[in-house]
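Hello,

Here is the structure I promised to pass on. Please have a look at it first, and then read my notes below.

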Amino acid sequence: MMTVLSLSGGKDSTAAALWLREQGIEHVRVFQDTGWEHPALYAHLDYLEEQLGPIIRLRSDINVAPEYADAVADIERRLGVASSPMVRWAVKKAMFPSRMRRYCTQELKVRPFLKWARAQDDDILSVVGIRAEESAARSGLAEREAMPGAEDIEVWRPLIRWTLADVVDIHARHNVRPCSLYLEGASRVGCWPCIMSNKSELAMLSKDDARIDVMRDLEALVGRVVIDRNHQHAAGLPTFFQNKLPDKSGTFPPWSIDKVMEWAQTSRGGRQFELFAADPRDAGCMRWGLCDTGNKS
């Protein structure tokens with residue numbers, strides 16, 4: 001059986017890699033690349049390769065219609081990636097992922113992992129760095145279970161009862177530093193930004209003018225695809241973030257990235273609840289540890 005660790009570059013999956021090393025368990029490390037990560041995370045993955053050994057980079061191969069290819073290529077160039085499955089899937093489907101349609105997990109992480117796993121000449125034990133203390137939802141997860149939709153693959157969560165202190169300690173024992181995004185105040189390092197970002201993370205995003213420019217142009221491009229296809233959207237053209245704040249009519253119109261950034265910098269007297277809150281029933285990134293979603297305890 002092949003032991004395979006999903007390594008997001010976050011603190012918990014790195015701790016899992018270090019723990020496997022301590023136990024003498026040979027394993028393969030894979031990273032599911034959305035092409036929508038922070039440059040600091042890509043740099044950290046290079047660093048982790050130096051510390052841990054090779055990391056296999058998995059990426060969905062998604063084609064877009066020829067009439068949008070140049071615009072997509074320009075956005076990818078500005079992101080600094082050879083291709084961005086996140087961008088390509090948004091354009092292909094003329095929509096962004098949302099709480100109700102978390103295709104970013106299934107299409108950009110689970111599918112490439114399963115495709116790779118099916119090509120291996122061995123059974124797969126999938127190790128993920130999930131800890132129960134991170135959230136109420138995670139506290140109910142088993143240490144081992146079959147992967148839904150792929151029952152022949154067993155998921156193992158060896159750190160399920162670990163504390164944050166345990167994670168910090170194993171980094172210190174091996175003299176491995178965390179991703180620099182944590183040191184800058186980020187609570188998560190997977191996807192930049194994640195559709196489930198909270199207000200503090202959006203405030204951090206507001207300082208990244210280059211990424212905001214990309215998001216503005218991507219929203220315009222996806223809107224163009226919607227119009228070209230004559231799709232009807234009663235609430236308006238799709239935007240990256242799904243607004244949960246009603247307007248005077250009681251509806252929930254999409255907010256552009258510029259409006260979200262304006263809201264993110266309101267003072268404490270403003271609305272402080274999260275625009276985007278994870279569904280506790282979520283069976284995506286959070287459940288399978290395919291990305292670092294931050295400590296919610």
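A helix here is a DSSP run of at least four residues, numbered from the N terminus. Please keep in mind that this is a predicted model.

In the protein chain you will find twelve helices and six strands. Of its 297 residues, 55% are buried. The chain exposes about 13,800 Å², with 50% of that supplied by carbon and sulfur atoms. Among contacts with a separation of 6 or more, 71% are between residues 24 or more positions apart.

I then looked at one residue, His 171, which is found in helix 7 (residues 164–173). Is His 171 buried or exposed? With a relative accessible area of 7%, His 171 counts as buried, because the cut-off is under 20%. Leaving aside neighbours within four places in sequence, His 171 is in contact with Lys 11, Thr 14, Ala 15, Leu 18, Val 176, Arg 177 and Pro 178.

The axes of helix 1 (residues 11–22) and helix 7 are 9 Å apart, at an angle of about 60°. Helix 1 is therefore oblique to helix 7, and their crossing is left-handed. On the helix 1 side, the residues that meet helix 7 include Lys 11, Leu 18 and Trp 19; His 171 is one of those in helix 7 that meet helix 1, along with Val 167 and Ile 170. The residues of this contact divide into six nonpolar, two polar and four charged.

Enjoy exploring it!

Best wishes

Key. Residues are numbered from 1 along each chain as its sequence is written. This is a predicted model: local features need pLDDT of at least 70, side-chain atom pairs count only at pLDDT 80 or more; totals for chains, interfaces and linings use all residues. Side-chain values use heavy atoms; hydrogens and water are left out. Helices (H or I, at least four residues) and strands (E, at least two) are DSSP runs, numbered from the N terminus. Buried means under 20% relative accessible area, exposed over 50%, partly exposed in between (1.4 Å probe, protein chains only). Contact means heavy atoms within 4.5 Å. Accessible areas come from the Shrake-Rupley method with a 1.4 Å probe; for residues, only the protein chains shown count as cover. Axes are lines fitted to C-alpha atoms, for helices over the stretch in contact, and angles run from 0 to 180 degrees between N-to-C directions. Angles under 35 degrees count as roughly parallel, over 145 as roughly antiparallel, 65 to 115 as roughly perpendicular and the rest as oblique. A crossing is left-handed if the near helix is turned anticlockwise from the far one by less than a right angle, and right-handed if clockwise. Ala, Val, Leu, Ile, Met, Phe, Trp, Tyr, Cys and Pro count as nonpolar, Asp, Glu, Lys and Arg as charged, and the others, Gly among them, as polar.
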